[in-house]
Amino acid sequence: MKTIGLIGGMSWESSKLYYEFLNTKAKDILGGSHSAKCIMVSVDFADIERLTIKGDWGAIGELIKHAAQQLERAGADIIILCTNTIHLVSHYISENVNIPFLHIATTTGESITSMGLKKVALLGTRFTMEKEFYTNILVNNFELEVIIPETKGRQVVHDIIYNELVKGQFTNTSKQEIINIIKTLQNQGAQGVILGCTELPILISELDIEIPIFDTGKIHAYKALEWSIEG
């Protein structure tokens, strides 16, 4: 089994789920008392949040590059970034380490196409929904049609993520708001919904809506574990 390097802390609420996903999957695949071989470097999310608000993506990229290089020096064989939004600067990883980097949008696209879906909704921070770093992979590599909420809906989702979910707050009111937004996108033809923020699946489950959900963190972790075993 190869060693998985995780860049976490964005937020720790979802980073802890990555650790659980990896170890649960290792036991499922290998049985017995097996667990995943992994190393985590966890950043201070307050620093990331402050730089995000300023729009200083270069500084965020430098922090992420440093974390990736720490993982490589520590003996990681592959790196995963335990967040969706910060993949906006994932090239700071791929261009500055000599080990593979597994992109979350790639693993998500593979999962969607394996189900034969063609049109999906994407929820996440405004950066994930509005910038092209995520949707370009889904559209160009997997020929998917991706739809997002209208302007007001995007702001609602963004605010729930930053004001509540990353702080460990999960309310029924916010849950219902997200469900209503998903229903609107379903009425627009979405066959499934990408929960493109790793905290969203803590709030929303497949039991809450009628179309398939894609838990990006779980998909990402499972693909990394499969690579670790097969690698």
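## A nonpolar patch on the surface

Met1, Ile29 and Leu30 make up a nonpolar patch on the surface of this predicted model, and together they have about 230 Å² of accessible area. Patches consist of residues with over 30% relative accessible area and no salt bridge, where like charges are joined within 9 Å and nonpolar side chains (Val, Leu, Ile, Met, Phe, Trp, Tyr) within 5 Å. Accessible areas come from the Shrake-Rupley method with a 1.4 Å probe, and for residues only the protein chains shown count as cover.

Methionine 1 belongs to the segment before β1 (4-8). Its relative accessibility is 36%, so methionine 1 counts as partly exposed. In these terms, buried means under 20% relative accessible area, exposed means over 50%, and partly exposed lies in between (1.4 Å probe, protein chains only).

## Basis of the model

This is a predicted model, in which local features need pLDDT of at least 70 and side-chain atom pairs count only at pLDDT 80 or more, while totals for chains, interfaces and linings use all residues. Residues are numbered from 1 along each chain as its sequence is written, and side-chain values use heavy atoms, with hydrogens and water left out.

## The chain as a whole

The chain contains 11 helices and 7 strands. The radius of gyration of the chain is 17 Å, close to the 17 Å that the globule rule gives for 231 residues, so the chain is as compact as a globular protein of that length. This radius is taken over C-alpha atoms, and the globule rule is 2.2 Å times the number of residues to the power 0.38. Helices (H or I, at least four residues) and strands (E, at least two) are DSSP runs, numbered from the N terminus.

Along its principal axes, the C-alpha trace spans about 45 × 40 × 35 Å. Of the 231 residues, 54% count as buried. The chain exposes about 10300 Å², of which carbon and sulfur atoms supply 46%. Among contacts (heavy atoms within 4.5 Å) between residues at least 6 apart in sequence, 75% join residues at least 24 apart.

## Threonine 107 and helix α5

Threonine 107 is located in helix α5 (residues 104-114). With a relative accessibility of 1%, threonine 107 counts as buried. Its side chain reaches the backbone oxygen of isoleucine 104 at 2.9 Å. Such a polar contact is a pair of N or O atoms within 3.5 Å; within protein, one must be able to donate a hydrogen and the other to accept it, and residues adjacent in sequence count only if both atoms are side-chain atoms. When neighbours within four places in sequence are left aside, threonine 107 is in contact with Leu102, Ile219, His220 and Lys223.

## Salt bridges

The whole structure holds 8 salt bridges, each defined as a side-chain nitrogen of Lys or Arg within 4 Å of a carboxyl oxygen of Asp or Glu. One of them pairs glutamate 110 with lysine 223, the closest N and O atoms being 3.4 Å apart. This pair links distant parts of the chain, with glutamate 110 in helix α5 and lysine 223 in helix α11 (residues 216-230), 113 residues apart. Glutamate 110 is partly exposed, at a relative accessible area of 33%, and lysine 223 is also partly exposed, at 31%.

Lysine 119 forms a salt bridge with glutamate 145, and their closest N and O atoms are 3.7 Å apart. Here the link runs from strand β4 (residues 119-123), which holds lysine 119, to strand β5 (residues 145-147), which holds glutamate 145, 26 residues apart. Lysine 175 and aspartate 208 form another salt bridge, with 3.2 Å between the closest N and O atoms. Lysine 175 lies in helix α9 (residues 172-187) and aspartate 208 in the loop between α10 (200-203) and β7 (213-215), so the pair ties together parts that are 33 residues apart in sequence. Salt bridges with shared partners also join Arg126, Glu130 and Arg154 into one network.

## Backbone geometry

Most residues other than glycine have a negative phi, and most peptide bonds are trans. The peptide bond from methionine 10 to serine 11 is cis, with omega near -5°. Serine 11 is in the loop between β1 and α1 (12-30).

Glutamate 143 has a positive phi, near 55°, and is a residue other than glycine. Glutamate 143 is placed in the loop between α7 (132-142) and β5. Its relative accessible area is 65%, so glutamate 143 is exposed.
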